[in-house]
Amino acid sequence: MNIGDVAERTGLPAKTIRYYEDIGLVTPRRSANGYRVFVDTDAHKLTFLGRARTLGFSIEDCRNLLALWEDRSRASADVRAIAAQHLEDIERKINDLTAMRDTLSNLVQKCAGDDRPDCPILKGLAGS
């Protein structure tokens with residue numbers, strides 16, 4: 001498969017596939033003329049990486065998960081630990097976003113939004 005074929009098959013842009021190659025997540029073969037030649041295992045890895053990235057795993061987490069996926073003697077506890085840490089990070093971000101939403105919602109509600117110069121939003125941003 002060429003890069004266009006594997007991009008279509010995996011749903012990843014060719015640019016992303018080249019990036020994953022540059023950072024060593026996939027290593028396609030090269031033809032005599034230097035073109036990338038992807039095989040089924042490359043497509044499976046790229047699909048795996050695409051799904052992991054969609055779930056928000058970092059590149060380093062993806063690297064570790066991919067290594068565990070390829071290691072048939074792995075302990076599922078190792079995989080779970082990575083996923084559990086990522087879940088904690090997501091929960092923390094959700095809490096931060098909820099606090100941001102609540103603060104901004106409160107400021108918007110306090111602002112009359114009229115022609116007067118007094119603005120609780122600006123005061124809130126200024127820490128007043």
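A: Asp-102 and Arg-101 bring their side chains together in a salt bridge, with 3.2 Å from N to O; the term stands for a side-chain nitrogen of Lys or Arg within 4 Å of a carboxyl oxygen of Asp or Glu. This is a predicted model, in which local features need pLDDT of at least 70 and side-chain atom pairs count only at pLDDT 80 or more, while totals for chains, interfaces and linings use all residues. Residues are numbered from 1 along each chain as its sequence is written, and side-chain values use heavy atoms, with hydrogens and water left out.

The two partners of that pair fall into separate accessibility classes: Asp-102 is partly exposed at a relative accessible area of 42%, whereas Arg-101, at 53%, counts as exposed. Here buried means under 20% relative accessible area, exposed means over 50%, and partly exposed covers what lies in between, using a 1.4 Å probe and protein chains only. As background, side chains of opposite charge can pair when their charged atoms come close.

Across the whole structure, the search finds 9 salt bridges. One of them joins Asp-118 to Lys-123, with 2.7 Å from N to O; Asp-118 has a relative accessibility of 43% and so is partly exposed, and Lys-123, with 43% relative accessible area, is partly exposed as well.

Asp-40 lies in helix α3 and Arg-9 in helix α1 (residues 3-10), so that the pair, 31 residues apart, links distant parts of the chain; helices are DSSP runs of H or I with at least four residues, strands are runs of E with at least two, and both are numbered from the N terminus. Asp-40 is partly exposed, at 45% relative accessibility, and Arg-9 is partly exposed at 44%.

Around this pair, the axes of α1 and α3 come within 9 Å and cross at roughly 45 degrees, the axes being lines fitted to C-alpha atoms (for helices, over the stretch in contact) and the angles running from 0 to 180 degrees between N-to-C directions. The angle makes α1 oblique to α3, since angles under 35 degrees count as roughly parallel, over 145 as roughly antiparallel, 65 to 115 as roughly perpendicular and the rest as oblique. The crossing of α1 and α3 is right-handed; that word applies if the near helix is turned clockwise from the far one by less than a right angle, and left-handed if it is turned anticlockwise. Val-6, Arg-9 and Thr-10 of α1 are in contact with Asp-40, Ala-43, His-44, Leu-46 and Thr-47 of α3, where contact means heavy atoms within 4.5 Å. By class, this contact of α1 with α3 holds 3 nonpolar, 3 polar and 2 charged residues, with Ala, Val, Leu, Ile, Met, Phe, Trp, Tyr, Cys and Pro counted as nonpolar, Asp, Glu, Lys and Arg as charged, and the others, Gly among them, as polar.

Helix α3 (residues 40-54) also packs with α4 (residues 59-70), at an angle of about 135 degrees and with the axes 10 Å apart, which makes α3 oblique to α4. This crossing of α3 and α4 is right-handed. His-44, Lys-45, Phe-48, Leu-49, Ala-52 and Arg-53 in α3 meet Ile-59, Cys-62, Leu-65, Leu-66, Trp-69 and Glu-70 in α4, and by class the contact has 8 nonpolar, 1 polar and 3 charged residues.

Helix α4 in turn packs with α5, their axes coming within 10 Å and crossing at roughly 160 degrees, which makes α4 roughly antiparallel to α5. The crossing of α4 and α5 is left-handed. Asp-61, Asn-64, Leu-65 and Leu-68 in α4 meet Asp-78, Val-79 and Ile-82 in α5, a contact with 4 nonpolar, 1 polar and 2 charged residues.
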